[in-house]
Structure formats: structure tokens, C-alpha cells
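Please open the structure in a viewer and keep the sequence at hand. The stops below are given in the order in which they may be selected.

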Amino acid sequence: LYVSPLKALSNDSHVNLDAPLAGIREELTAQALPDVDIRTAVRTGDTPQAERAALRKRPPHILVTTPESLYVLLGSESGRVMLGGVRTIIVDEIHALLPAKRGSHLALSLERLDALTGQRATRVGLSATQKPIEDAARFLVGTARVDAEGQADCRIVDVGHDKQRDLAIELPQSPLEAVASGEQWAQIHDRLQALAAEHRTTLVFVNTRRMAERAARHLSERLGKEHVAAHHGSLSKELRLDAEQRLKRGELKVLVATASLELGIDIGDV
């Protein structure tokens with residue numbers, strides 16, 4: 001069971017599983033060895049009903065899902081049947097779940113899953129940005145496996161390293177006020193256009209879906225509609241996937257996104 005916080009990351013993880021598995025099967029065929037049919041599937045709020053029905057009839061070996069969809073599966077009879085044989089749980093981008101209600105929600109689901117299977121599944125937490133890492137370990141294993149000194153009963157693999165950063169804060173030329181004027185927005189969009197022109201691909205993160213659409217429209221007018229896309233939770237699954245794939249292929253100069261694209265997705269060369 002592979003749990004990731006975002007639908008975009010779930011889709012990415014599924015793709016990254018399929019390619020290695022296809023390679024393994026090709027190598028087995030080349031060596032005249034028996035085929036190993038390892039099935040993978042994604043189960044999120046975007047999954048069509050036909051695919052959900054197929055999962056119920058023939059559960060996959062590797063299921064990629066979100067915390068919310070895991071909760072839904074644990075509350076349905078068919079979902080409990082599908083999850084009854086789980087032996088390993090991978091929680092990706094675990095740092096994103098730690099400080100919020102989603103983390104508490106997932107912690108409860110993991111305990112329910114152990115109760116369902118009748119055994120303790122191996123839990124693996126992954127993140128490139130978790131700190132302090134001991135807090136992530138305690139969250140992952142659960143209270144019952146933390147001793148009196150606060151040490152989690154698990155193995156911590158810390159290969160942390162610092163990356164070279166080029167960080168700057170930029171402000172519009174006119175003074176800041178409670179509400180940005182049209183003149184200030186024009187200055188902001190002009191500066192984003194200039195920065196995008198200096199780089200192959202640029203990600204622009206904004207706070208709201210409305211702002212994502214507005215910024216994408218203004219940047220499209222400056223850079224060309226074919227070079228700019230928006231990504232947020234109100235878009236259809238097809239439009240979000242199209243934006244993600246165009247980003248990875250290097251076809252976009254700018255992608256304007258909310259937190260729907262923020263965590264760990266394989267974004268290629270940005």
C-alpha cells in the first residue's frame with residue numbers, strides 16, 4: 001500500500017512503478033523465465049467507477065492511494081477485502097501530513113488497517129524535507145511503539161544533504177498596500193515574464209485557484225497561450241494530467257499552480 005498526500009503525486013508514483021515492472025517482465029521474457037504478473041493501480045477521488053469495480057474484482061499487488069481514499073476503503077466491505085492482505089505500507093512525503101489534521105486522520109487509518117489484517121504491517125516513511133526526523137519516526141510507528149524517552153521503535157535512515165539555493169525576495173516598484181492595484185499586478189506579471197524568459201521552465205505558486213487562473217491568463221497574453229498552463233484542484237482530472245505531462249516534456253514556459261502540485265511530483269527540468 002503506497003499512500004501519498006496528493007492526487008498528482010499518486011499518478012506520478014503509478015507511472016514510476018509501471019516502467020520498472022515492464023522492464024522486469026521484458027528481461028524475464030528475454031531470459032526465457034516465467035512471467036511475473038505484478039499488478040499496480042491508483043485509487044483516488046479521480047478513479048472512474050469502472051476502474052473501481054475492476055479493483056474490487058481483482059485487487060492489485062501494489063495499490064497507490066491518498067489518506068482520504070484509504071479511509072473510504074476501510075469503511076467499505078469491498079475495500080476491506082482488498083486491503084486484507086497488506087504487508088507493507090509506504091507513506092510518501094510524510095512531512096506534509098505531520099502538522100495537520102490529515103496526519104491524525106492517517107494515523108487512525110493505519111491502526112485500523114493493522115486491526116483489519118490482524119498483524120503489524122511494515123511501515124516505511126519517505127521524505128526529502130522532514131525535520132526533525134525523529135518526530136516523523138514517532139508519527140509513523142504510533143504511540144504504542146515509542147518508549148518512555150520518546151524513542152521510536154524503528155530504523156531511521158538519514159541521508160540528508162543541503163542543496164545550493166539562489167533565494168531572493170522581489171517587490172513591485174510601487175508601494176505595497178492592503179490590496180494590490182492593477183498597476184502593481186501589471187508590474188508583477190511583467191517581472192514573472194522576464195524571469196520566465198531567462199529560464200527553460202518556471203513554476204509559479206499562488207494561494208488560490210482564482211489567482212492561478214488570473215495569473216495564467218495574464219502570462220499567456222505575454223508569453224503565448226501554448227507556453228502557459230494552470231493547475232489547481234477545481235480543474236478536471238484530464239486538464240490536470242495534461243498540464244503535468246506538458247510540464248515534464250518541457251513544453252511549458254510557465255505553470256501556475258496552487259498546492260495541488262506542490263509535493264514531490266516528478267517535475268523534470270525546472
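Helices and strands are here DSSP runs, numbered from the N terminus, with at least four residues (H or I) for a helix and at least two (E) for a strand. The model is predicted.

Stop 1: Select Lys131 and Pro132 and display the backbone. The peptide bond from Lys131 to Pro132 is cis, its omega being near 0°. Pro132 belongs to the loop that lies between strand 5 and helix 6, the latter covering 133–141.

Stop 2: Five of them, in the order 2-3-1-4-5, form an open sheet with parallel pairing. Which strands stand at the edges? They are strand 2 (40–43) and strand 5 (122–125); each has a single partner strand, so one side of each lacks a neighbour in the sheet. In general, strands of a sheet pair through backbone hydrogen bonds, in a parallel or an antiparallel manner.

Opposite Val3 stands Val91 of strand 4.

Stop 3: Phi of Glu93 is near 50°, a positive value in a residue other than glycine. Is Glu93 buried or exposed? Its relative accessibility is 12%, and Glu93 therefore counts as buried, the cut-off for buried being under 20%.

Then select Ala32, in the loop between helix 1 (7–30) and strand 2. Ala32 is likewise a residue other than glycine with a positive phi, near 55°. With a relative accessibility of 69%, Ala32 counts as exposed, a term that applies over 50%.

**Stop 4: helix 7 and helix 8.** Finally, select residues 182–198 (helix 7) and 209–223 (helix 8). The two helices pack at an angle of about 60°, and their axes are 10 Å apart. Helix 7 is therefore oblique to helix 8. The crossing of helix 7 and helix 8 is right-handed.

Show the side chains at this contact. Helix 7 contributes Trp185, Ala186, His189, Asp190, Leu192, Gln193 and Ala196. From helix 8 come Met211, Arg214, Ala215, His218, Leu219, Arg222 and Leu223. How do the residues of this contact divide into nonpolar, polar and charged? There are 8 nonpolar, 3 polar and 3 charged residues in the contact of helix 7 with helix 8.

Technical notes
Residues are numbered from 1 along each chain as its sequence is written. This is a predicted model: local features need pLDDT of at least 70, side-chain atom pairs count only at pLDDT 80 or more; totals for chains, interfaces and linings use all residues. Side-chain values use heavy atoms; hydrogens and water are left out. Axes are lines fitted to C-alpha atoms, for helices over the stretch in contact, and angles run from 0 to 180 degrees between N-to-C directions. Angles under 35 degrees count as roughly parallel, over 145 as roughly antiparallel, 65 to 115 as roughly perpendicular and the rest as oblique. A crossing is left-handed if the near helix is turned anticlockwise from the far one by less than a right angle, and right-handed if clockwise. Contact means heavy atoms within 4.5 Å. Ala, Val, Leu, Ile, Met, Phe, Trp, Tyr, Cys and Pro count as nonpolar, Asp, Glu, Lys and Arg as charged, and the others, Gly among them, as polar. Two strands pair if DSSP finds at least two bridges between them. Buried means under 20% relative accessible area, exposed over 50%, partly exposed in between (1.4 Å probe, protein chains only).
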